[in-house]
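Good morning, and thank you for the time. I would like to take you through one chain, with its sequence and coordinates on the screen. Please keep the view open while I speak.

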Amino acid sequence: MAPFVPFASALPNAYFEVDEERAARVLVKNRRKRYLDTHPEYFESPDRELEDPLSYEALIRRLLTPAERELDRRRKGYSGVLESDILRSEAKLDAVNNPDPNNPITCHRAADGSISAVQEDDDEDIPMTKEEGEQKWRERLEMKFVRGEDAGFDYSEVDWNPAYNDPELERRREEEWFGQEEEDWDGEGERTGETGVQDF
């Protein structure tokens, strides 16, 4: 039977049974989120584009100016551009042939045979500026990372590392633990003569 733990927010005196497996999953997801908070360079890696080329196309690439696209091509070099173009084309072809109903990015084949990626969310969710696109891109990467969908990342470095525990949650647990501790007396009988003033 799973242990009973206090539900600290709304009902501090109520106790609910907690499934240990669910608690472990939440702990792992919190550690992954904390890792991203402390390692923002994760989002800056050029490999992120290659992991989800359709989302990158819809959220970032289509909002770049021609000058920014040229700068990006120079930064990647010929082989990097070729790799990203091939992966993007393969992802589009796969999305046309095997549509994923859970993916908000869908691909459609035009009359001329070209394939374009389109975000099927509400109109208000479609980014119109680079800043909005980058924010949505970052949110999408964060969700994939927290779910453990980055195949190139070694999650064991984060999942089993208590250094990535939420410091605020750790502080609250310590305060609760110390608050439950009772004062004890090792001497015999009742305490006498304590004035609170050190007299040595």
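This is a predicted model: local features need pLDDT of at least 70, side-chain atom pairs count only at pLDDT 80 or more; totals for chains, interfaces and linings use all residues.

I begin with one tryptophan. Setting aside residues up to four places away in sequence, W137 touches R48, E49, D52, S55, Y56, L59 and I60, where a contact means heavy atoms within 4.5 Å. Residues are numbered from 1 along each chain as its sequence is written, and side-chain values use heavy atoms, with hydrogens and water left out.

Where does W137 sit? Its place is in helix α6, residues 130-147. Helices here are DSSP runs of H or I with at least four residues, strands are runs of E with at least two, and both are numbered from the N terminus. Is W137 buried or exposed? W137 is buried, with a relative accessible area of 7%; buried means under 20% relative accessible area, exposed over 50%, and partly exposed in between, with a 1.4 Å probe and protein chains only. The C-alpha atoms of W137 and P127, 10 residues apart along the chain, are separated by 9.9 Å.

Let me turn to the helix itself. Helix α6 has 18 residues and reaches 26 Å from its first C-alpha to its last, close to the 26 Å expected at 1.5 Å a residue; the expected span is 1.5 Å times one less than the number of residues. Its buried residues are G133, W137, R140, L141, K144, F145 and V146. As a general point, an α-helix has 3.6 residues a turn, so residues three or four places apart point the same way. After α6 comes G148, with a positive phi near 85°.

Next, the nonpolar cores. By a nonpolar core I mean a set of buried Ala, Val, Leu, Ile, Met, Phe, Trp, Tyr and Cys residues joined through side-chain atoms within 4.5 Å. The largest one has 14 residues, and those with the most contacts inside it are Y35, L36, Y42, W137, F145 and F153. At least two residues of this core come from each of α1 (20-38), α2 (41-44), α4 (53-59) and α6. Helix α6 gives the most, with 3 residues. A second, separate core of 7 residues includes A58, A91, C107 and I115.

Rings of Phe, Tyr and Trp (its six-membered ring) pair if their centres lie within 6.5 Å; planes under 30 degrees apart count as stacked, over 60 as edge-to-face and the rest as tilted. By this rule there are 10 aromatic pairs. Why is the pair of Y35 and F145 stacked? The ring centres of Y35 and F145 are 5.7 Å apart and the planes are at 15°, so the pair counts as stacked. Y35 lies in helix α1 and F145 in helix α6, so this pair ties together parts that are 110 residues apart in sequence. Y35 counts as buried at 13% relative accessibility, and F145 is buried at 0% relative accessible area.

The other pair I wish to show returns us to the tryptophan. The rings of Y56 and W137 have their centres 5.3 Å apart and their planes at 75°, so they form an edge-to-face pair. Since Y56 lies in helix α4 and W137 in helix α6, the pair ties together parts that are 81 residues apart in sequence. Both Y56 and W137 are buried.

Y35 and F145 also belong to one aromatic cluster with Y42, F43, F153, Y155 and Y164. Two arginines lie over rings: R32 over the face of Y155, at 4.3 Å from the ring centre, and the charged end of R48 over the ring of Y42, 3.9 Å from its centre. The criterion is NZ of Lys or CZ of Arg within 6 Å of the ring centre and within 35 degrees of the ring normal.

Finally, helix α5, residues 66-97, holds R88. R88 is buried, with a relative accessible area of 5%. Beyond four places in sequence, R88 touches E49, P53, L54, E57 and R61. S84 is also in helix α5 and is buried at 4% relative accessible area. With the sequence neighbours up to four places away set aside, S84 touches E49, L50 and K76.
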